[in-house]
Amino acid sequence: MTRIKYTREEALAFHLEPRPGKWDMTASVPMTTQRDLSLAYSPGVAVPCEEIARDPALAYDYTNKGNLVAVISNGTAVLGLGNLGALGAKPVMEGKSILFKRFADVNSIDVELDTEDPDEFIKAVRLMAPTFGGINLEDIKAPECFIIEQTLKEQLDIPVFHDDQHGTAVICAAGLLNALHLSGKKIEDVKIVLNGAGAAGIACLELLKFMGARYDNCIMCDTKGVIYQGRTEGMNQWKSAHAVKTSARTLEDAMVGADVFIGVSVKGAVTQDMVKSMADNPVIFAMANPDPEITPEEAHEVRMDAIVATGRSDYPNQVNNVLGFPYLFRGALDIHARAINEEMKIACAHALAQLAREDVPDEVALAYGKAPTFGRDYIIPTPFDPRLIHRIPPAVAKAGMDTGVARRPIIDMEAYEQGLRQRMDPTASILRGLSARARKAQSRMIFAEGDDPRVLRAAVMYQRSGFGKALVVGRAEDVRQKLEEAGLADAVRELEVVNAANTQHLDTYKDFLYKRLQRKGHDRLDVHRMAARDRHVFAALMLAHGHGDALVTGATRKSAHVLNLINHVFDADAEHGAVGVTALLHNGRIVLISDTLVQEWPESEDLATIAERAADVARHMGLDPRVAFVSFSTFGYPVSERAEKMHRAPAVLEQRGVDFEFEGEMTVDVALNARAQANYPFQRLSGPANILVVPARHSASISVKLMQEMAGATVIGPILSGVGHSIQIASTVSTANDILNMAVIAACNMGSDQ
């Protein structure tokens with residue numbers, strides 16, 4: 001399996017740019033006029049202050065308390081790095097905060113407490129608790145984490161959740177429910193062996209026992225072996241609670257006849273002989289990170305009947321905490337819960353397990369390259385499943401209401417679920433899906449401009465992210481020098497540098513090019529110069545001959561010039577139906593604009609073709625296409641000869657019998673605003689358009705650049721569609737990350753006819 005790699009320089013740059021850290025704060029109310037300021041602060045703010053003082057429950061109505069979680073740590077157990085201290089833990093806590101926002105639209109702020117004294121930690125959290133709707137404890141070493149969490153649960157009337165313990169436990173439980181279902185076993189009957197008696201291990205076993213696992217069937221092991229009744233060495237009250245009567249003294253002894261192994265320990269703790277000794281259809285959750293106790297390959301070598309899960313994203317069945325904590329807090333916050341109890345965790349586990357048994361939506365199928373189906377290699381949903389946000393929180397909320405921890409129960413659960421669907425940013429799941437598809441495709445990506453440091457950084461990121469092989473067109477010495485200057489000297493050996501001097505195919509390339517251009521005013525010397533000296537042409541020739549799977553170029557030359565060079569090798573022009581489609585991502589919406597690259601002044605037939613190409617790109621992104629032909633007129637008013645072609649284009653699509661929604665001509669506000677659309681009840685779009693077909697290339701360019709500069713929209717593209725090969729042309733102002741995004745799109749064959 002491909003592992004994602006990065007350098008220290010890359011990691012530091014990611015946290016430094018564009019601003020230090022990983023999150024900002026924005027106002028959710030207008031802050032423009034003097035009146036706005038008077039309402040937001042003095043004197044207007046006095047009114048809600050008085051209301052909350054009279055009734056503290058109103059803090060959930062008039063402040064952000066009800067959607068605010070604190071991620072709190074003292075840095076005593078940071079990832080696998082140990083005790084880094086409070087400040088050393090801050091990057092991790094910032095990261096956790098943005099995961100809350102990213103996956104469940106929960107606002108979160110990180111708080112690092114500079115103390116290793118549990119009493120001081122507890123007091124600090126208790127004193128700041130009124131600010132928050134929930135507390136997420138993180139990276140606190142055992143056994144202090146048990147003391148801190150239990151005491152805070154007793155003292156506070158908001159959810160307190162130590163994710164290192166319970167997050168892992170919930171996802172493990174969800175996967176185990178499905179693994180046992182597939183194995184035909186019941187949780188109350190199976191023998192469970194757990195290795196790793198730390199916070200996560202103890203929480204896993206406690207939750208499984210709460211769900212029905214029998215006490216005598218569960219054996220816990222630590223570095224000194226089995227935790228048995230009567231053992232005194234290395235014990236504490238939390239381990240003692242799980243001591244059992246058994247003659248087993250080692251992990252190897254315990255594994256004999258075991259149905260389930262759960263590992264939260266260290267790499268290599270489980271041997272193939274141990275796996276051989278397990279019962280039929282064993283379940284192995286080897287969750288040590290970054291390397292599991294035993295790899296799936298090693299386990300399956302000796303037991304093909306094993307169901308294996310790990311903590312790794314590059315193996316099936318990843319036990320990933322991000323499937324749990326954001327949605328647990330989302331459900332808890334929405335009922336103004338006093339706690340997250342065992343019943344809510346179990347409800348989360350059951351909802352996750354049920355989700356994995358159902359047919360996956362198109363977004364997940366696109367990300368995998370196929371639709372994963374419930375089975376031994378798919379027992380846990382993927383983090384980019386868009387159903388998580390509207391399936392897991394309602395289950396958690398219902399369990400909270402049923403067990404009496406809800407201050408404000410949800411009356412209309414159907415409306416609640418619909419609200420959850422609408423609050424999440426769909427663009428993130430689209431981008432995640434594209435990345436997953438690219439990683440699965442493993443495309444050999446040709447980066448045409450190996451003389452540009454941005455392109456080289458993108459090529460390194462492409463390869464180290466596990467997307468495939470990066471082929472860089474350039475001079476080896478120049479590439480080496482620029483990589484060293486960029487702090488990527490160790491990447492010199494990783495990239496394959498190609499050029500006319502080291503290829504065996506130059507004569508083949510020149511013969512091919514001469515046949516295409518001999519009747520277009522180019523002689524053999526012209527052809528030699530282009531093939532041997534122009535990196536854009538050389539890269540296109542590589543692609544045309546199958547010496548790479550996709551091509552990214554354009555970072556160093558204007559797109560029109562690059563497209564002209566590519567046309568020497570391919571038919572990437574308006575005559576042959578090529579189209580440029582640009583994706584704009586802004587405020588949780590994605591809109592495709594076309595044509596932004598190829599067709600200067602398309603007529604109605606061309607506009608219909610542009611719409612079809614854009615619809616193909618939309619489907620590649622997992623969108624249901626809704627096309628609007630936009631103009632300055634709406635359905636014939638005001639009358640204009642220049643708008644006539646936009647009026648005729650929908651009729652062309654009708655004649656072609658396309659299978660997607662389209663309408664026009666209309667102004668942009670009618671296309672994108674449901675309320676504006678309501679003024680035209682006859683129009684055929686079922687909702688706001690996600691594809692805008694514009695009258696001309698210049699208007700498309702103006703629209704895209706205006707949104708980019710004034711609104712801060714993220715721009716992906718233009719995506720070149722309709723060429724027959726996967727070619728993407730970046731912008732000259734692209735960052736290395738922008739170029740990488742274009743490479744990901746190229747790797748997904750988005751826009752090609754293949």
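Trainee: Which residue of β7 does C221 stand opposite?
Mentor: In this predicted model, β6 and strand β7 (residues 225–226) pair in the antiparallel sense over two bridges. A hairpin of two residues joins β6 to β7. The residue of β7 opposite C221 is V226.

Trainee: Which residue stands opposite C221 where β5 and β6 pair?
Mentor: Strand β5 (residues 192–195) pairs with β6 over four bridges, in the parallel sense.

Trainee: How many residues of β6 are buried?
Mentor: C218, M220 and D222 point one way from β6. I219 and C221 point the other way, and all of these residues are buried. For strand β6 (residues 218–222), the count of buried residues is five of five.

Trainee: What is the bridge partner of V69 in β3?
Mentor: Four strands form an open sheet with parallel pairing, in the order β2-β1-β3-β4. Its edge strands are β2 (107–112) and β4 (160–162), each pairing on one side only. Within the sheet, strand β1 (residues 68–73) and strand β3 (residues 134–137) run parallel and are joined by four bridges. The partner of V69 in β3 is G134.

Trainee: At about what angle does helix α14 run to β3?
Mentor: Helix α8 (residues 163–183) lies across β3 and β4, and its angle to β4 is about 80°. Helix α14 (residues 325–334) lies across β1, β3 and β4. The angle of α14 to β3 is about 160°.

Trainee: Are α22 and α24 roughly parallel or roughly perpendicular to each other?
Mentor: The axes of helix α22 (residues 506–517) and helix α24 (residues 535–544) come within 10 Å and cross at roughly 95°. An angle of 65 to 115 degrees counts as roughly perpendicular. The two helices, α22 and α24, are therefore roughly perpendicular.

Trainee: How many nonpolar residues does the contact of α22 with α24 have?
Mentor: From α22, the contact uses Y509, F512 and L513. From α24, the residues are V537, F538, L541, M542 and A544. By class, the contact has no polar and no charged residues, and the number of nonpolar ones is eight.

Trainee: How far apart in space are G546 and H725, C-alpha to C-alpha?
Mentor: G546 is in the loop between α24 and β14 (550–553). Its relative accessibility is 38%, so G546 counts as partly exposed. G546 and H725 are 179 residues apart in sequence, and their C-alpha to C-alpha separation is 10.0 Å.

Notes
Residues are numbered from 1 along each chain as its sequence is written. This is a predicted model: local features need pLDDT of at least 70, side-chain atom pairs count only at pLDDT 80 or more; totals for chains, interfaces and linings use all residues. Side-chain values use heavy atoms; hydrogens and water are left out. Axes are lines fitted to C-alpha atoms, for helices over the stretch in contact, and angles run from 0 to 180 degrees between N-to-C directions. Angles under 35 degrees count as roughly parallel, over 145 as roughly antiparallel, 65 to 115 as roughly perpendicular and the rest as oblique. Contact means heavy atoms within 4.5 Å. Ala, Val, Leu, Ile, Met, Phe, Trp, Tyr, Cys and Pro count as nonpolar, Asp, Glu, Lys and Arg as charged, and the others, Gly among them, as polar. Buried means under 20% relative accessible area, exposed over 50%, partly exposed in between (1.4 Å probe, protein chains only). Two strands pair if DSSP finds at least two bridges between them.
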